[in-house]
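Visitor: I would like to go through this model with you and ask, term by term, what stands behind each label.

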Amino acid sequence: MAARAQSTTPVRKVPIHLQSAQNRLLIKNGKVVNGDGIQDADVYIEEGIIKQVGNNLIVPGGSRLIDARGKYVIPGGIDTHTHLQLPFMGTTTADDFYTGTRAALAGGTTTIIDFVIPSKGQSLIEAYKQWRERADEKVACDYALHVAVTWWSPEVQQEMEELCRDHGINSFKMFMAYKDLWQLNDTELFEAFERCKQLGAVAQVHAENGDIIKENCKKLLAAGVTGPEGHEMSRPEEVEAEAVNRACVLANQVNCPLYIVHVMSKSAGEVVAEKRRQGIVVYGEPIAASLATDGKHYWNSCWRHAAAHVMGPPLRPDSTTPDYLMDLLANDDLQLTGTDHCTFSSAQKEMGKGDFTKIPNGVNGVEERMSLIWEKGVVSGKMDPTRFVAVTSMNAAKIFNMYPKKGCIAVGSDADIVIWDPKLEHTISAATHHSAVDFNIFEGITCRGGPEYVIANGRVTVDEGQVKAVQGYGSFIPTAPFAPFVYDAVNEREKVHQLIKVEREGRIVAMRNTAVPVVPSATSNGEALENKLSSVNGGEEVVVAADQHFVSHQHFTRPPTSSGGRNMQDTTFSLSSEYPSMADVEEEAKGKKNSIQVKNPPGGKSSGPFW
């Protein structure tokens, strides 16, 4: 593999007084694309904010001019799923918050949402602070955070509320996989979903059946399957689809909005699509990897090549999966895209030589996502540029309550803008990418369309293809709970699916201290139970009750058989629409009842006896 040409030495943050030349920026002659339409318009930016959008703009002198003729002016991408500087499986990802966000900017992404993942038993607040400390000094673009719930307790519930209220968190991720590490059981999942609903948060799930995966891993290793192919074999497609369905069912019981991270298979995508058709508030996130490559790589004869593709859930061997998921994405059966960018070097992957369960899970994608979706979606004719904007930025901004600050080009929005050249052709390679990892799972794919300029918070960070990322330039973006895009839908469902009590005519009149004959009934301890009878009189249900023990109709049983065993012909079922008369009860107790008169049974009236 050829060595990467560019340096990864961090560029230090530029002092404010040196940034004045970029404070004013005019983009002319481009086609402005939002998720709801395209217009020919100019865009004027000042102090990191979009100030004007339109034609014949009047702007101050000294503004930098960028000519976007023949190009699209689109909102900067939002990658909803990254893992930068993540400690995992005894090592730490190759990309930290600088190299990872630098790669993001190179590809046209101006905001990432990373995951805080506490250790089992660790305080969620403590883990959140650790992630902020890692990120704040390094990020070259803006970022937000999800928080994972890796264990369950009253303390966790309390900290979830604090994170929403005080720390700008509105999404929590639960794992249905990684048994004995992060996995929650169904009861804990149900309670976590209920808590998310109370807090106005979005519940996210890594959907795979961890119990099945653990057993499959044991069987495969025992059978001598130790290579990367065992990873996919241990967690086949149906294991993902089952978990997606189960998560949807659990969340639906409390009307909690659900977000399925990294949808990797056709069947998992179909479950999301079907649940949405049923009216469930659920969002599906395919990623760059599942949209642009497949799992046949796990059977490659080169162990290093195969291991580089190991991620969870795995890529699927079915080569038609990427096109199928792209169809679902284009049709809004799936809603937005991330990458699950979680990079480990070849040397780190070799921790799993001889045991596929020890290969660190993760692949690249933060730099390649935008170009791949344009190539596989727009160039292929599956979606138009407005849908491209929706699935790469707008829908993410709406779901995680950053809209219209992020995800659109409008007056007052952050100046996160990409000048997208549909004619720019480039071939993806580890030799030229900006990630710190030494392998690229999209090696050799040619994309037609890419970013010529990338503007983050008003600063040109990619200038005619040259990356000029600045360490620490990005900021943390708090995300408030109760995102209207999500909870407006949730509230509408609440109106439709209210619990409705059936009101019936008449009222119950209790008559106490009424003389009621006592009918003996054999019990295990030989005690005599007593009965409760009712009748209907004049529209009122009259309940006759003695101040003695209650006996239901099921206690009127036949005596034991001659051998002392239970009479198996006993039943509590009755076709009668009324309670038996006292004479019937006495006859039943004595075992002398020969027939029951049936009145209006199902299917019609009968005057004959029922034997």
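**Labels and their grounds**

Guide: Pro 313 is placed in the loop between α10 (303–308) and α11, where helices (H or I, at least four residues) and strands (E, at least two) are DSSP runs numbered from the N terminus. Pro 313 is joined to Gly 312 by a cis peptide bond, with omega about -10 degrees. This is a predicted model, in which local features need pLDDT of at least 70 and side-chain atom pairs count only at pLDDT 80 or more, while totals for chains, interfaces and linings use all residues. Residues are numbered from 1 along each chain as its sequence is written, and side-chain values use heavy atoms, with hydrogens and water left out.

Visitor: Which other residues does a cis peptide bond join, and what is omega there?

Guide: Tyr 403 and Pro 404 are joined in this way, with omega about 5 degrees, and Pro 404 belongs to the loop between α14 and β15 (417–427).

Visitor: What makes α8 roughly parallel to α11?

Guide: Helix α8 (residues 266–277) and helix α11 (residues 321–330) pack at an angle of about 15 degrees, their axes 9 Å apart; axes are lines fitted to C-alpha atoms, for helices over the stretch in contact, and angles run from 0 to 180 degrees between N-to-C directions. That angle makes α8 roughly parallel to α11, because angles under 35 degrees count as roughly parallel, over 145 as roughly antiparallel, 65 to 115 as roughly perpendicular and the rest as oblique.

Visitor: Which residues in α8 and α11 meet?

Guide: From α8, Lys 266, Gly 269 and Glu 270 meet Thr 321, Tyr 324, Leu 325 and Leu 328 of α11, contact meaning heavy atoms within 4.5 Å. By class, this contact has three nonpolar, two polar and two charged residues, since Ala, Val, Leu, Ile, Met, Phe, Trp, Tyr, Cys and Pro count as nonpolar, Asp, Glu, Lys and Arg as charged, and the others, Gly among them, as polar.

Visitor: Why is Ser 267 called buried?

Guide: Ser 267, which lies in helix α8, has a relative accessible area of 17%, and buried means under 20%, exposed over 50% and partly exposed in between (1.4 Å probe, protein chains only); Ser 267 is therefore buried. Leaving aside neighbours within four places in sequence, Ser 267 is in contact with Glu 237 and Ala 241.

Visitor: Is Ala 397 buried or exposed, and how do you know that?

Guide: The relative accessible area of Ala 397 is 0%, so Ala 397 is buried. Ala 397 sits in helix α14 (residues 385–399), and its contacts beyond neighbours within four places in sequence are Ile 78, Met 402, Tyr 403, Lys 406 and Gly 407. The C-alpha atoms of Ala 397 and Gly 407 are separated by 5.3 Å, although these residues are 10 apart along the chain.

Visitor: How do Asp 332 and Asp 340 count in terms of accessibility?

Guide: Asp 332 counts as partly exposed because its relative accessibility is 30%, whereas Asp 340, with a relative accessible area of 8%, is buried. Asp 332 lies in the loop between α11 and α12 (346–349), and Asp 340 is placed in the loop between α11 and α12. Phi is positive for Asp 332, near 70 degrees, and positive for Asp 340, near 55 degrees.
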